[in-house]
Amino acid sequence: MAALPVFRWHLAPDGYATRRQLRARGLRPGGQGVAAQLERPRRRRPPLVAYLYRVDCAKPVRPMTPARWAALAKANAARRRCPACRRDAGYVIPTSLGTCVPCAYPDPRRSEGST
């Protein structure tokens with residue numbers, strides 16, 4: 001097995017891109033393996049590593065189908081629904097709380113019977 005070429009940060013030659021850079025161009029790796037890597041040196045810690053893919057071997061991003069759009073909308077709606085009060089919170093429920101903010105931090109001044 002041949003070793004991957006290693007480039008310094010910001011010094012990769014043209015024709016290589018990270019996953020994010022490919023996505024910004026509307027591309028995906030398309031099954032190809034990692035072609036090279038970038039290393040950013042840091043003091044007293046191991047270097048940061050970014051994997052690079054060849055742009056000429058990348059494929060276009062698959063378009064979203066109506067079924068995939070529906071599945072994504074359903075998943076996002078589930079992330080917004082509070083498991084305690086079963087209401088749509090209007091935002092994604094933080095995993096650190098597990099419930100919407102009013103359920104996690106009830107207002108002690110409000111009585112249970114009032115609206």
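User: Which residue is the bridge partner of E39 in β5?
Analyst: In this predicted model, E39 has V49 as its bridge partner in β5.

User: How many bridges join β4 to β5, and do the strands run parallel or antiparallel?
Analyst: Six bridges join the two strands, which run antiparallel. Strand β5 covers residues 45–54, while β4 covers residues 36–42.

User: What about the hairpin of β4 and β5: how many residues lie between the strands?
Analyst: Two residues lie between them, and R44 takes a positive phi near 55 degrees in this hairpin.

User: Which strand is joined to β4 by three bridges?
Analyst: That is β1, residues 6–8, and β1 and β4 run parallel. In this pairing, V6 has Q37 as its bridge partner in β4.

User: Stepping back, how many helices and strands does the protein chain have?
Analyst: The protein chain has three helices and six strands. Read from the N terminus, the order is β-β-α-β-β-β-β-α-α.

User: And what is its radius of gyration?
Analyst: The protein chain has a radius of gyration of 23 Å, whereas a compact globule of 115 residues would have one near 13 Å. The C-alpha trace spans about 70 × 45 × 25 Å along its principal axes.

User: What share of the residues is buried?
Analyst: Buried residues account for 17% of the 115 residues. The protein chain exposes about 9,300 Å², of which carbon and sulfur atoms supply 55%.

User: Changing topic to charge, how many positive and negative side chains are there?
Analyst: There are 23 positive and 6 negative side chains, and the centres of the two sets lie 4 Å apart.

Conventions:
Residues are numbered from 1 along each chain as its sequence is written. This is a predicted model: local features need pLDDT of at least 70, side-chain atom pairs count only at pLDDT 80 or more; totals for chains, interfaces and linings use all residues. Side-chain values use heavy atoms; hydrogens and water are left out. Helices (H or I, at least four residues) and strands (E, at least two) are DSSP runs, numbered from the N terminus. The radius of gyration is taken over C-alpha atoms; the globule rule is 2.2 Å times the number of residues to the power 0.38. Buried means under 20% relative accessible area, exposed over 50%, partly exposed in between (1.4 Å probe, protein chains only). Accessible areas come from the Shrake-Rupley method with a 1.4 Å probe; for residues, only the protein chains shown count as cover. Lys and Arg count as positive and Asp and Glu as negative; His and the chain ends are not counted. The place of a charge is taken as NZ of Lys, CZ of Arg, CG of Asp or CD of Glu. Two strands pair if DSSP finds at least two bridges between them.
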